[in-house]
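Here is a short report for a reader new to this structure. Look over the sequence and the model, then read on.

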Amino acid sequence: MNEILNQEKSIYLQIGEMLENDILRDILREEEKAPSMNELAKFFKINPATAAKGINLLVDEGILYKKRGIGMFVSEGAKEMIKKKRRDVFYENFIKAMLTEAASLSISKEELIRMIEESA
């Protein structure tokens, strides 16, 4: 978790995204213990309640789960859940907007594909 908190969005959302990034990068693996709210609070110098809110977002999504008396752990299938969630957001935020703009400019599907292939 080398990332730095910024003012662009709520800290608890950034904490959740950082944990997701660590899972995607295999820094945190499935069934492995995740950092505690106190560890996150100390590391980022934030209120433990804020860290807990970020962790609880992932618990609500099934990405993390709690082992009573031990701590939070990465769920089996967490990496795929995160990828699906982010693909859905990517589609909503970028692909749909691109298709709408392409239609308004009368760019055909074939031309759009060609443009993408040339950019890659």
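## Helix 1 against helix 4

Helix 1 and helix 4 cross in a left-handed way. The model shown here is predicted. The two helices pack at an angle of about 120°, and their axes are 9 Å apart. Angles of 65 to 115 degrees would count as roughly perpendicular, and those over 145 as roughly antiparallel. Helix 1 is therefore oblique to helix 4.

Which residues make the contact? From helix 1 come Glu17, Glu20, Asn21, Ile23 and Leu24. From helix 4 come Ala78, Lys79, Ile82, Lys83, Lys85 and Arg86. Sorted by class, the contact of helix 1 with helix 4 has six charged residues, four nonpolar and one polar.

## Helix 1 against helix 3

Helix 1 also packs on helix 3, at an angle of about 50° and with the axes 8 Å apart. Angles under 35 degrees would count as roughly parallel. Helix 1 and helix 3 are therefore oblique to each other. Their crossing is right-handed.

On the helix 1 side, the contact uses Ile11, Tyr12, Leu13, Ile15, Gly16, Leu19 and Glu20. They meet Thr50, Ala51, Lys53, Gly54, Ile55, Leu57 and Leu58 of helix 3. How many residues of each class does the contact of helix 1 with helix 3 have? It has nine nonpolar, three polar and two charged residues.

## Helix 2 against helix 3

Helix 2 and helix 3 pack at an angle of about 120°, with 8 Å between their axes. This pair, helix 2 and helix 3, is therefore oblique. Helix 2 passes helix 3 in a right-handed crossing.

Helix 2 brings Met37, Asn38, Leu40 and Ala41 to the contact. Helix 3 brings Pro48, Ala51, Ala52 and Ile55. By class, the contact of helix 2 with helix 3 has seven nonpolar residues, one polar and no charged.

## The nonpolar core

In soluble globular proteins, nonpolar side chains tend to be buried together. In this model, the largest nonpolar core has 19 residues. Leu19, Ile23, Leu40 and Leu64 have the most contacts inside it. Two or more residues each come from helix 1, helix 2, helix 3, strand 2 (71-74) and helix 4. Helix 1 gives the largest share of this core, four residues.

Take Leu64 as a way in. Leaving aside neighbours within four places in sequence, Leu64 is in contact with Leu19, Ala34, Ile55, Leu58, Val59, Phe73, Val74 and Ser75.

Ser75 sits in the loop between strand 2 and helix 4. Is Ser75 buried or exposed? Its relative accessibility is 9%, and the limit for buried is under 20%. Ser75 therefore counts as buried.

Not counting residues up to four places away in sequence, Ser75 touches Glu30, Glu31, Gly62, Ile63, Leu64, Tyr65 and Met81.

## Two loop residues with positive phi

Asp26 has a positive phi of about 65°, although it is not a glycine. Asp26 lies in the loop between helix 1 (11-24) and helix 2 (37-44). Its relative accessible area is 31%, so Asp26 is partly exposed.

Ser106 is not a glycine, yet it has a positive phi of about 60°. Where is Ser106? It lies in the loop between helix 4 (78-104) and helix 5 (109-119). Exposed means over 50% relative accessible area. Ser106 has 64%, so it is exposed.

Ala49 is in helix 3 (residues 48-60). Its relative accessibility is 51%, so Ala49 counts as exposed. How far apart in space are Ala49 and Asp60? Their C-alpha atoms are 16 Å apart, and 11 residues separate them in sequence.

Lys109 belongs to helix 5. At 62% relative accessibility, Lys109 counts as exposed. Lys109 and Ser10 are 99 residues apart in sequence. In space they are 38 Å apart, C-alpha to C-alpha.

Notes:
Residues numbered from 1 in each chain as written. Predicted model: local features only at pLDDT ≥ 70, side-chain atom pairs only at ≥ 80, totals over all residues. Heavy atoms only, no water. Buried < 20%, exposed > 50% of the residue type's maximum accessible area, 1.4 Å probe, protein only. Axes fitted to C-alpha atoms, helices over the stretch in contact; angles between N-to-C directions. Left-handed = near helix turned anticlockwise from the far one by under 90°. Contact = heavy atoms within 4.5 Å. Nonpolar A, V, L, I, M, F, W, Y, C, P; charged D, E, K, R; others polar. Core = buried A, V, L, I, M, F, W, Y, C linked by side-chain atoms within 4.5 Å.
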